[in-house]
Amino acid sequence: MHKASAYPAMTATNGVAVPEQPGAAAAEALGPAPVVRDLRHRAGRAPRQLCFGAGDLVVVSGLPGSGKTTLIDRVVASPRFDSQDARDRWARRMPGFLPYALYRPLVRVAHYAGLRRALRSGASVVVHDCGTQSWVRRWLAREAQRRGRGLHLLLLDVDPDTALAGQRERGRGVSRYAFARHRRAVGRLVRDAERGRIPAGCASAVLLDRDAVDRLRGIGFGR
């Protein structure tokens, strides 16, 4: 876990928030400290766009139903990976009567194999993360370090009732046990970020509430 410098190193012009890049090229000037940017409670003044360096990696975390997939679908043009996309592709191939649990391992293999190929290409990638799979963030952190770029964490801070309503709206939900596990994991990430602490290997974290998520129109890479 990194101790971050809270809230300084992001510039914002014309509604565009740009985290300072702590990759290899900028490390000498900026130093090793990661940064946290809190875009919550801005009363309609959150930025319209988040910009990161070319080749950087972004992880979007939050509760199931918090709007991660909707956000990624709306604002991300670069390669993006959401396990739900892999699940939908496999579901279209499978007989309707076949329970998802039977082919879930194939979906997971396909999802992570595709993510591995994208990472090896050197492209900027946005990854949907449920918050409970810390090994995925460690993998992405190693990949970001290998390519000399930054890994950035976008945290959707949405209250549990809103997230449950989002699950009902999309017609997909998780069990009570799974939701409680997600709630603990995401709550820990948010609390740590509020204290200026982010997962090891992350260059920055951005906290977003529902208003900030709704205002966001783009996640881009390259200055």
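**Exercise 1. At what angle do helix α3 and α4 pack, and how far apart are their axes?**

Solution. Step one: α3, residues 83–93, packs on α4 at an angle of about 125°, and the axes lie 9 Å apart. That angle makes α3 oblique to α4, since angles under 35 degrees count as roughly parallel, over 145 as roughly antiparallel, 65 to 115 as roughly perpendicular and the rest as oblique. Axes here are lines fitted to C-alpha atoms, for helices over the stretch in contact, with angles from 0 to 180 degrees between N-to-C directions.

From α3 come S83, A86, R87, W90 and A91, and from α4 come Y100, Y103, L106, V107, A110 and H111. Contact means heavy atoms within 4.5 Å. By class, this contact holds eight nonpolar, two polar and one charged residue (Ala, Val, Leu, Ile, Met, Phe, Trp, Tyr, Cys and Pro are nonpolar, Asp, Glu, Lys and Arg charged, and the others, Gly among them, polar).

A word on the source: this is a predicted model, where local features need pLDDT of at least 70 and side-chain atom pairs count only at pLDDT 80 or more, while totals for chains, interfaces and linings use all residues. Residues are numbered from 1 along each chain as its sequence is written, and side-chain values use heavy atoms, with hydrogens and water left out.

**Exercise 2. Which residues of α4 and α5 meet?**

Solution. Begin with the geometry: α4 (residues 100–121) and α5 (residues 134–147) pack at about 20°, with axes 11 Å apart. That makes α4 roughly parallel to α5. The crossing of α4 and α5 is right-handed.

Now the residues: Y112, L115, R116, A118, L119 and R120 in α4 meet W135, V136, W139, L140, E143, R146 and R147 in α5. The contact of α4 with α5 has eight nonpolar, no polar and five charged residues.

**Exercise 3. Is L119 buried or exposed?**

Solution. First find L119 in helix α4. L119 has 1% relative accessibility, so L119 counts as buried (buried is under 20% relative accessible area, exposed over 50%, partly exposed in between, with a 1.4 Å probe and protein chains only).

Next, list its partners. Leaving out residues up to four places away in sequence, L119 touches L57, V125, W139, L140, E143, R146 and R147.

Then widen the view. The largest nonpolar core has 29 residues, and L57, L115, L119, V125, L140, L151 and L155 touch the most other members. Such a core is a set of buried Ala, Val, Leu, Ile, Met, Phe, Trp, Tyr and Cys residues joined through side-chain atoms within 4.5 Å. Apart from it lies another core, of 20 residues, including L71 and V76.

**Exercise 4. Where is H41 found?**

Solution. H41 is in the loop between β5 (35–38) and β6 (49–52); helices (H or I, at least four residues) and strands (E, at least two) are DSSP runs, numbered from the N terminus. H41 is not a glycine, yet has a positive phi of about 60°. Most residues other than glycine have a negative phi. At 67% relative accessibility, H41 counts as exposed.

A43 lies in the loop between β5 and β6, with a positive phi of about 50°. A43 is exposed, at 70% relative accessible area.

Conventions: Left-handed = near helix turned anticlockwise from the far one by under 90°.
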